[in-house]
Structures are given as structure tokens and as C-alpha cells.
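Please open the structure in your viewer and keep the selection tool at hand.

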Amino acid sequence: MTETQTEELYHVVRNDEEQYSLWAADRPLPAGWHEAGHTGTRESCLAHIGEVWTDMRPRSVRERHGEAAPAIP
């Protein structure tokens with residue numbers, strides 16, 4: 001990255017199945033995705049997702065197996 005380039009910012013996003021991703025902050029969110037409360041560099045967003053997304057199974061699968069959904073920060 002040169003001095004004239006700025007580092008791109010991302011939002012951590014989550015869908016209704018409680019699956020996480022990151023999305024460029026300067027683009028509108030795709031349908032079905034919502035900001036999850038963290039904005040930063042790609043690396044910081046991926047680190048945040050690694051901390052909060054501890055069960056990769058979609059919410060509907062967890063519910064089908066009778067497991068309570070974890071509290072969402």
C-alpha cells in the first residue's frame with residue numbers, strides 16, 4: 001500500500017441464520033444482511049468474527065437439534 005492509498009474499511013455483517021461475513025463499508029448491504037456492530041480493517045473484522053462466531057452451524061440447524069442459540073453480542 002502506498003502513502004496515497006487509504007486502507008479500506010469493512011463492516012462485520014450477520015444474516016438471519018446468524019452467519020457472519022464482512023462487507024466493504026462503502027457499499028450498500030445485500031438483502032438479508034445486517035451490520036453486527038464492528039467496523040474496521042479486513043484483519044480486525046476477521047479477528048472479531050473469529051471471536052464471536054463460535055458455532056458455524058446456521059441458527060435453524062441449532063434450533064432443530066434443540067440447542068439454545070448463543071447470546072449475540
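Select His38 to begin: at 22% relative accessibility, this residue counts as partly exposed, because its value lies in between the buried range, under 20% relative accessible area, and the exposed range, over 50% (1.4 Å probe, protein chains only). The model is predicted, so local features need pLDDT of at least 70 and side-chain atom pairs count only at pLDDT 80 or more, while totals for chains, interfaces and linings use all residues. Residues are numbered from 1 along each chain as its sequence is written, and side-chain values use heavy atoms, with hydrogens and water left out.

His38 is placed in strand β3; helices (H or I, at least four residues) and strands (E, at least two) are DSSP runs, numbered from the N terminus. Display next the surroundings of His38. Leaving aside neighbours within four places in sequence, His38 is in contact (heavy atoms within 4.5 Å) with Tyr10, His11, Val12, Ser44, Cys45 and His48. With Ser44, the side chain of His38 forms a polar contact of 3.3 Å. Such a contact is a pair of N or O atoms within 3.5 Å; within protein, one must be able to donate a hydrogen and the other to accept it, and residues adjacent in sequence count only if both atoms are side-chain atoms.

Now move to Tyr10. Leaving aside neighbours within four places in sequence, the contacts of Tyr10 include Leu22, Trp23, Thr41 and Arg42.

Select the whole of strand β1, residues 10-15. Six of the six residues of β1 are buried. Tyr10, Val12 and Arg14 point one way from the strand, and His11, Val13 and Asn15 point the other way.

Three strands form an open, antiparallel sheet in the order β2-β1-β3, where two strands pair if DSSP finds at least two bridges between them. β2 (20-24) and β3 (33-40) are the edge strands, each pairing on one side only. Neighbouring strands are turned by 35° against each other on average, direction ignored; the axes are lines fitted to C-alpha atoms, for helices over the stretch in contact, and angles run from 0 to 180 degrees between N-to-C directions.

Five bridges join β1 to β2, with Leu22 as the bridge partner of Val12. Five bridges also link β1 and β3; Arg14 stands opposite His34, and Trp33 is the bridge partner of Asn15.

Turn to the loop between β1 and β2, where Glu18 is found. The hairpin has four residues between the strands, and Glu18 takes a positive phi near 60° there. Is Glu18 buried or exposed? Glu18 is buried, with a relative accessible area of 11%.

Finally, select Tyr10, Val12, Tyr20, Leu22, Ala24, Ala36, Cys45, Ile49 and Trp53, the nine residues of the largest nonpolar core. Such a core is a set of buried Ala, Val, Leu, Ile, Met, Phe, Trp, Tyr and Cys residues joined through side-chain atoms within 4.5 Å. β1, β2 and α1 (42-52) each supply at least two residues of this core, and the largest share, three residues, comes from β2.
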